[in-house]
Amino acid sequence: MSVWNPENIKDVAESIGINSLSDDVLRGLSSDIEYRISQVLEEALKFMRHSKRTTLTTLDISQALKVLEAEPLYGYESTRPLRFGEASIGPGQPLFYVEDEEMDFEKLINAPLPKVPREISLTAHWLAVEGVQPSIPQNPASADTRSQDLVPKGPGANPNILAINGNDVAVKPLVKHILSKELQLYFDKVCSALLDESNEEYRIAALASMRNDPGIHQLVPYFVQLIAEKITHGLKSLFVLTQMMQLTSAMLDNQNLYIDPYISSLISPILTCLVGRRLGSSPDPIAHLPLRNLAAALLDVVCKKYTKSSSTLKPRLARTCLKHFLDPTKPLGANYGGIIGLQAVGGPEVVGTLIVPNLKEYETLIREPLEEEGSPKQAEAEAVVTALVGALQMLEDDVVGLTNGYASEDREDQAQRLSDKVGDLLATRILQMERPTLVKAIIEA
């Protein structure tokens, strides 16, 4: 006995012009309809369960009909549950229907038109240019940023001050960076070891660990901040500055660390130790030169490893070093740092392009300190001249030299041309070295 009423089938058949259906046909159609409906409901319930819902929707029925390759229902694509009304067409014969919302045409006609939707478009803008945020509508205003900086943050912030500033909720950081106790202990041990002047073995072990340890990548921003702070507040201590440069060198040597995002933060401390006005408080006038040489070596490493990620890195570094080399108001130590910095940034090409054309003019600046016998400036000036000669020697590798020297009649001509190129002071030093190939390279630079 089918639960589907055969009379409904008979009514549908009469509506399409079929007036005579036997009882056996009606019972067979009732059983088939019952099976088809149960099959659709089973498939629809699968869609409902996979969607993590407890209410069956018309969309589930439509999906089930598609799966069963049957024609879907039209006009019922709604995610909201349908409301059914009940009407009686006779005793014991209820009729269920979907309640339609009544629309008032007067309100519909007089209602304002909706806004025309914008066309989808993509626009590119600069969030920051070399670390500076441009003032454009897409970027937050600097006034808003400053007001946010003035608001106290963190768990210890005063709620009364927050309320005055219009904030009644404590501001939490967007990124929660949690360090394990082991990493915190490692960081403290390395910091104490590097700043311990009495235990050299302890310092060497800490730097060796920084060069080879693969599990300290989470500490990279903390070490970068440590380097910046110690160099900013420790310019009078050559020991602290040297240790921070040694730490920077160890981080750059560690192949397991990803340093690219922090290169701009490391460049400032390196340049400070390279071209700073006063480094340390030692009475020895040339005590700071090893620190400047170490900074120049680090600058060389940075230029070789990280110029691919920043095309403007080398030009900016060369511009800074050239400025400190030619500035007459800078001390000789800063001039020395600018010379070896240019040598590290670009090698022979930068030496021939930026240093050689300015040597004759620079000679007037260096000659007076060299003539001050026994003064601290004389030692620094001598170091500057040595650095210039060392930079000029790099040009010799790029020139095919003379194997048998030059003739005696050409010597005076070569000396005059060299003097016109680099000045009398440096020309005398270079001619004393008896290297014709170097003389030829400098003249042709």
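Me: Helices (H or I, at least four residues) and strands (E, at least two) are DSSP runs, numbered from the N terminus. In which loop does Lys-52 lie?

Reply: This is a predicted model: local features need pLDDT of at least 70, side-chain atom pairs count only at pLDDT 80 or more, and totals for chains, interfaces and linings use all residues. Residues are numbered from 1 along each chain as its sequence is written, and side-chain values use heavy atoms, without hydrogens and water. Lys-52 sits in the loop between α2 and α3 (58–67).

Me: Is Lys-52 buried or exposed?

Reply: Buried means under 20% relative accessible area, exposed over 50%, partly exposed in between (1.4 Å probe, protein chains only). Lys-52 has 76% relative accessibility, so the residue counts as exposed.

Me: What is phi of Glu-69 near?

Reply: Most residues other than glycine have a negative phi. Glu-69, in the loop between α3 and β1 (84–88), has a positive value. Its phi is near 60°.

Me: About how much accessible area does the nonpolar patch with Ile-37 have together?

Reply: Ile-37, in helix α2 (residues 23–50), is partly exposed at 38% relative accessibility. With Trp-4, Leu-41 and Leu-56, Ile-37 forms a surface patch. By the Shrake-Rupley method with a 1.4 Å probe, where only the protein chains shown count as cover for residues, the patch has about 310 Å².

Me: How many aromatic pairs does a search of the whole structure find?

Reply: Rings of Phe, Tyr and Trp (its six-membered ring) pair if their centres lie within 6.5 Å. Planes under 30 degrees apart count as stacked, over 60 as edge-to-face and the rest as tilted. The number of pairs found in the whole structure is three.

Me: How many residues apart in sequence are the parts that Phe-187 and Phe-223 tie together?

Reply: The ring centres of Phe-187 and Phe-223 are 5.0 Å apart with planes at 50°, so the pair is tilted. Phe-187 is in helix α7 (residues 181–194) and Phe-223 in helix α9 (residues 220–233), so the separation is 36 residues.

Me: Which helix holds Tyr-362, the partner of Phe-325?

Reply: Phe-325 and Tyr-362 have ring centres 4.8 Å apart and planes at 45°, so they are tilted too. Phe-325 lies in helix α13 (residues 313–326), 37 residues away. Both residues of this pair, Phe-325 and Tyr-362, are buried. Tyr-362 is in helix α16 (residues 359–370).

Conventions: Patch = residues over 30% accessible without salt bridge, like charges linked within 9 Å, V, L, I, M, F, W, Y side chains within 5 Å. Salt bridge = Lys/Arg side-chain N within 4 Å of Asp/Glu carboxyl O.
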